[in-house]
Amino acid sequence: MRTVLRRPDFRLLFGALLASMAAESILLLALAIWVKDLTGSDGLAGATIFAIIAPMTLAPLVGWVVDRYRRRPFFVAANLGTAMLLTPLFAVRDRADVWIIYVVAALYGLSYLTLSATLSGLIRQLVPSELLADANGALQTVRQGLRLGGPLAGAALYAAVGGWLLATLAMVGFVTAAAVVGLLRVAEAEPAAATLRWPAELGAGLQHLAGEPALRRALLGYGLGSLVMGFSESLIFAYVDQGLDRDAAFVGVLVTVQGVGGLVGGLLSPAVVRRVGEVGALAAGVTFFGPAALALAWPDLRLGVLALLLAGVSLPLTMVGLATLIQRRTPPRLLGRVAAASEALVSGPQACSIGAGALLVGVFDYRLLFVLVGVVTTAAGAWLWRGRRLSPPPGSPAGVPAPRRPHPAEHLTPDATRL
């Protein structure tokens, strides 16, 4: 990881992302708290998160737009646009204005998807292939670190200064990111003109994911795990209340423990990718979630701390493994569409899983549900592990992917073979 941080261009991008990720971490929870404060409704507050996730359905369109422009200027424009879309929050006064928060939340979800897809391509432009895991690991380490205090800081700031000033601070973060990335000097050619009709261009990302064996297995396995992983968002409250007989506020302590595990996972993830490859790292991350969930079926605090640490380690392993695999196995001209589509394919099942978990925890014993989560994620991780040879460790004799039939969208594109 130190090697990639020695690169001046990546250090500049890293500094920009520190600003934008800090803005993101304080903003998400604060929007839901703002709705709760104005309405007194837990359901309406939870709907704020749904509003952020809903734009994932537009992933093919977002990825197609991202692939039409050069990465650096588009990333700058997207950050400035994100800052601007927060300005309607200054008009929020009372319960009648809650719709404004929902609109901003939905637009922010669209912006998040856009920035993620653009960032994947920008990293691919800046960093050589052998350092992609280190770059993604560095960013995941920061993201997990911000999870330790960012949401709580956002909630505290909202309580102290209100939503308007919090929106201002978030806007400053995104504008700072735009300004810093604007200083980057990246040699980028203009994207090639589209060669297919627009429906085929929109679906090119999904078709690439389906046609590339390692990516297909990665998303199928991770998607299966995601269908139950989200249960834990609701189950953890039942674990604290019914299992540990503690106040709901104690969940914050366990989230902090998970964040510590996330820091460890972020630091270890590049080495894991180099050791077992991208699919292997993803498999390890999904598999680690299994025993963590099984341990939480037994209400013991010492065991719970170990389980939350393990669950924290699992998340960056999955994120770094999947992100690096996408960047290495996708032609640059398709990277925006593939990154956006994969984000939607992962976030969609997770969102459904969170909602299903909230319903099921009221019907079934939380311990039984934790056992279900543990069994399914362990099985998904084992299935992914069996396919780890589809993405051998970089530099190994088998580390060059087998030739595949090119997708029609890559036809006659000069940069299509730059893997």
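**Exercise 1.** Determine where F231 is placed, and state whether F231 is buried or exposed.

*Solution.* Step 1: F231 belongs to the loop between α11 (213-229) and α12. Helices are DSSP runs (H or I, at least four residues; strands are E, at least two), numbered from the N terminus. The model is predicted: local features need pLDDT of at least 70 and side-chain atom pairs count only at pLDDT 80 or more, while totals for chains, interfaces and linings use all residues. Residues are numbered from 1 along each chain as its sequence is written, and side-chain values use heavy atoms, with hydrogens and water left out.

Step 1: The relative accessible area of F231 is 6%, so F231 is buried. Buried means under 20% relative accessible area, exposed over 50%, and partly exposed in between (1.4 Å probe, protein chains only).

Step 2: Not counting residues up to four places away in sequence, F231 touches S353, A356, G357, L360, L372 and V373. Contact means heavy atoms within 4.5 Å. The C-alpha atoms of F231 and G355 are separated by 7.9 Å, although these residues are 124 apart along the chain.

**Exercise 2.** Describe the place and the contacts of V62.

*Solution.* Step 1: Helix α4 (residues 59-66) contains V62. With a relative accessibility of 8%, V62 counts as buried.

Step 1: V62 is in contact with L110, L113 and T114, leaving aside neighbours within four places in sequence.

Step 2: From C-alpha to C-alpha, V62 and A340 are 6.9 Å apart in space, and in sequence they are 278 residues apart.

Step 3: For the chain, among contacts between residues at least 6 apart in sequence, 86% join residues at least 24 apart.

**Exercise 3.** Classify the ring pair of Y239 and F370, and find which residues belong to the cluster of ring pairs.

*Solution.* Step 1: A pair of aromatic rings is described by the distance of the centres and the angle of the planes. Rings of Phe, Tyr and Trp (its six-membered ring) pair if their centres lie within 6.5 Å; planes under 30 degrees apart count as stacked, over 60 as edge-to-face and the rest as tilted. By this rule the count is six aromatic pairs.

Step 1: Y239 and F370 are 6.5 Å apart, centre to centre, with 90 degrees between the planes, and form an edge-to-face pair. Y239 lies in helix α12 (residues 232-243) and F370 in helix α16 (residues 366-386), so the pair ties together parts that are 131 residues apart in sequence. Both Y239 and F370 are buried.

Step 2: The ring centres of Y366 and F370 are 6.2 Å apart and the planes stand at 85 degrees, so this pair is edge-to-face. Y366 and F370 lie four residues apart in helix α16, about one turn of the helix. Y366 is buried, as is F370.

Step 3: The cluster linked by ring pairs consists of Y239, Y366 and F370.

**Exercise 4.** Identify the ring over which the charged end of R217 sits.

*Solution.* The charged end of R217 sits over the ring of W383, 4.0 Å from the ring centre. The rule requires NZ of Lys or CZ of Arg within 6 Å of the ring centre and within 35 degrees of the ring normal.

**Exercise 5.** State the secondary structure of the chain and the share of buried residues.

*Solution.* Step 1: The chain has 16 helices and zero strands. Step 2: Of the 419 residues in the chain, 51% are buried.
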